[in-house]
Amino acid sequence: MHAPRRAEPDWRQLPPAEHVVVAVDSLRMLADPTRLRMLWLLCGTEYDVTTLATAVGIARPAVSQHLAKLRLTGLVTLRRDGRRALYRATGTHVRHMLAEALHTAHHHAAGLPEHD
């Protein structure tokens, strides 16, 4: 079963101010290369801090700080499994946002035309 398609937004009307603030906060989180890489991995599966630190090649304390910021903006969720804390991207909307951002980056870097 497929999720219902969202209606196309009315691009002629500005979104509510509170939605803009939340969107800017989310996009600000993606403006950091380490957080973008971490979030990419978290879109695929759950990670604990140690495994994620190894995967992105940075220290555990730095990973913890990035995860805290991603959680504050609602891009990442935390699940406890006994004493382990497991992190994952929040929902498919985060996957879509990342996929679109990197698809656009690929087209721009490769000099390819954008298609709708």
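**Around helix α3**

I take helices (H or I, at least four residues) and strands (E, at least two) as DSSP runs, numbered from the N terminus. This is a predicted model: local features need pLDDT of at least 70, side-chain atom pairs count only at pLDDT 80 or more, and totals for chains, interfaces and linings use all residues. Residues are numbered from 1 along each chain as its sequence is written, and side-chain values use heavy atoms, with hydrogens and water left out.

I found Val 49, Leu 52, Ala 53 and Val 56. They sit on the same side of α3, because they cover an arc of only 105 degrees around the axis; the arc is that of the directions from the helix axis to the C-beta atoms. Their cover includes α2, α4 and β2, by contact (heavy atoms within 4.5 Å).

**On to helix α4**

Which residues of α4 are buried? I noted Val 63, His 66, Leu 67 and Leu 70. Their arc is only 100 degrees around the axis, so they share the same side of α4. On the other side of α4, I saw Pro 61, Gln 65 and Leu 72 exposed. Among the elements covering the buried residues of α4 are α1, β1 (76-81) and β2 (84-89). Just after α4, Gly 74 has a positive phi of about 80 degrees.

How values were computed
Buried means under 20% relative accessible area, exposed over 50%, partly exposed in between (1.4 Å probe, protein chains only).
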